[in-house]
Amino acid sequence: MKCKVCREPAVIDIRRHNANFCADHFVKLCQDQVVKAISEFSMLEEGDRVLVAVSGGKDSLALWDLLDDLGYEAHGLYIGLGIGGYSDRSGDTVKAFAEQRGLPLQVVDLRADYDYDIPTAAAVTRRVPCSACGLSKRHLFDRAALEGGYDAIATGHNLDDEAAVLFGNTLRWQTEYLARQQPVLPARPGFPRKVKPLVRLGEREMAAYCVIRGIDYIVEECPMAEGNKHIAYKEALNEIEAMSPGSKQAFYFGFLARAVDRFADAGPGHAEGDDIAVCQQCGVPTTSEICTFCRLLDRAAGAEPVQLTRKGKVIA
Amino acid sequence: MSVVKVHLRNPTRTIDVDGPITIVALLQKLDLNRESVLVIRGGTLVPGDARLEADDEVEIRPVISGGAR
């Protein structure tokens, strides 16, 4: 296998591009794809201050590394979710990365700062853990970005994430979600701009980028996410991709080019009662008196913590 | 007959595979999708056409992650 660019020995093949790359040209490819995504979807402008949502996983650390390399003022925000040893290891990984690179990192710890954790919130609200987690993260990222005066929040969603979410939303024709599935969500009152600069890069490429760049990331999967539908959709799409390379990219980018606008009427600002009030507790725009985050907080904060194993599994 | 040591995850385990064997053949033998894993030897990526020889030791690392972010 030879590098498509320099003909030196390749370290990775990317079948959807029908091309192989050496380490240096693969890193260049990743940078080029991020630059292209940022420009194609008008995600960021030169000199923007960006808050990167970092989890310790491959995507968010690679994103932080790439944005910093590209010259953006990229600061990290890590949220300690309180999922046992998994969260401890994730937090340590993020802190080590930030320290090595001299990058500013802000840490919010759910247990220390809000007196709850994700396993407990999931149990007392009877939400699935990924739902309690997503809701908490969105609220806290939004708040930190607005308070810190950032131009945008950047998340590490990659092509596989977007294709899998699109697959799930299409299976059930969840039109409101389909309307919102854009690589950029513009700022609106109470909410900062959100951008996904990795949408042109697959999950395998992000893991390879970290290996090549020597980025130590947390490889283990969140113990609470095991067996969730999102992962099952990714596996199904990878079966299709193996048979027909380029399917995931065609599915997602075809949706953006030819379908997403058709769902615009179902998107935010169109549904009756969308964000007509502000939360009486925290002041964010909401559809009811109290926003979903504050409702979760009301029930979870101070509740008896759920006990976990060392790996972060709930002890029944 | 040479033996290649292969470290796998979920669950974490090490298996011996008869070599020499190419990466593509190894993944086929283990019924793993090339889209879903990377093969790493001594901190370096191993391309699909590389042959593993006696005493080689590789990690097969899953790349799929998910949940809410």
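Visitor: How many residues does the contact take from chain B and from chain A?

Guide: In this predicted model, the contact takes 19 residues from chain B and 34 residues from chain A. On the side of chain B that touches chain A, 7 residues are nonpolar, 6 are polar and 6 are charged.

Visitor: What makes β5 and β7 of chain A edge strands?

Guide: The sheet of chain A is open and has 6 strands, in the order β5-β4-β3-β6-β8-β7, with mixed pairing. β5 (105-109) and β7 (184-185) of chain A each pair on one side only, and they are the edge strands.

Visitor: How do you know that β3 and β4 of chain A pair?

Guide: Two strands pair if there are at least two bridges between them. Strand β3 (residues 49-54) of chain A is joined to strand β4 (residues 73-80) of chain A by 6 bridges, so the two count as paired. They run parallel. For Val50(A), the bridge partner in β4(A) is Ala74(A).

Visitor: Which helices lie against these strands?

Guide: Helix α2 (residues 58-69) of chain A packs on the sheet and touches β3, β4 and β6 (152-154) of chain A. The direction of α2 makes about 160 degrees with that of β3(A). Helix α6 (residues 129-147) of chain A lies across β3, β4, β5 and β6 of chain A, at about 140 degrees to β4(A).

Visitor: Why are α7(A) and α11(A) called roughly perpendicular?

Guide: Helix α7 (residues 159-171) and helix α11 (residues 247-258) of chain A cross at roughly 70 degrees, and their axes come within 9 Å. Angles of 65 to 115 degrees count as roughly perpendicular, so α7(A) is roughly perpendicular to α11(A). The crossing is left-handed.

Visitor: Which residues meet there?

Guide: From α7(A) they include Leu159(A), Ala163(A) and Leu166(A), and from α11(A) they include Phe251(A), Tyr252(A) and Phe255(A). By class, this contact of α7(A) with α11(A) has 6 nonpolar, 1 polar and 3 charged residues.

Visitor: What angle do α5(A) and α6(A) make, and why does it count as roughly perpendicular?

Guide: Helix α5 (residues 118-125) of chain A packs against α6(A) at about 115 degrees, and the axes are 8 Å apart. The range for roughly perpendicular is 65 to 115 degrees, and α5(A) and α6(A) are therefore placed in that class. Their crossing is right-handed.

Visitor: Which residues make the contact of α5(A) with α6(A)?

Guide: Among them are Ile118(A), Pro119(A) and Thr125(A) of α5(A), and Ala132(A), Cys133(A) and Ser136(A) of α6(A). The contact of α5(A) with α6(A) has 7 nonpolar, 2 polar and no charged residues.

Methods. Residues numbered from 1 in each chain as written. Chains lettered and ligands numbered in written order. Predicted model: local features only at pLDDT ≥ 70, side-chain atom pairs only at ≥ 80, totals over all residues. Helix = DSSP H or I, 4+ residues; strand = E, 2+ residues; numbered from the N terminus. Contact = placed C-beta atoms within 7 Å. Axes fitted to C-alpha atoms, helices over the stretch in contact; angles between N-to-C directions. Parallel < 35°, antiparallel > 145°, perpendicular 65-115°, else oblique. Left-handed = near helix turned anticlockwise from the far one by under 90°. Nonpolar A, V, L, I, M, F, W, Y, C, P; charged D, E, K, R; others polar.
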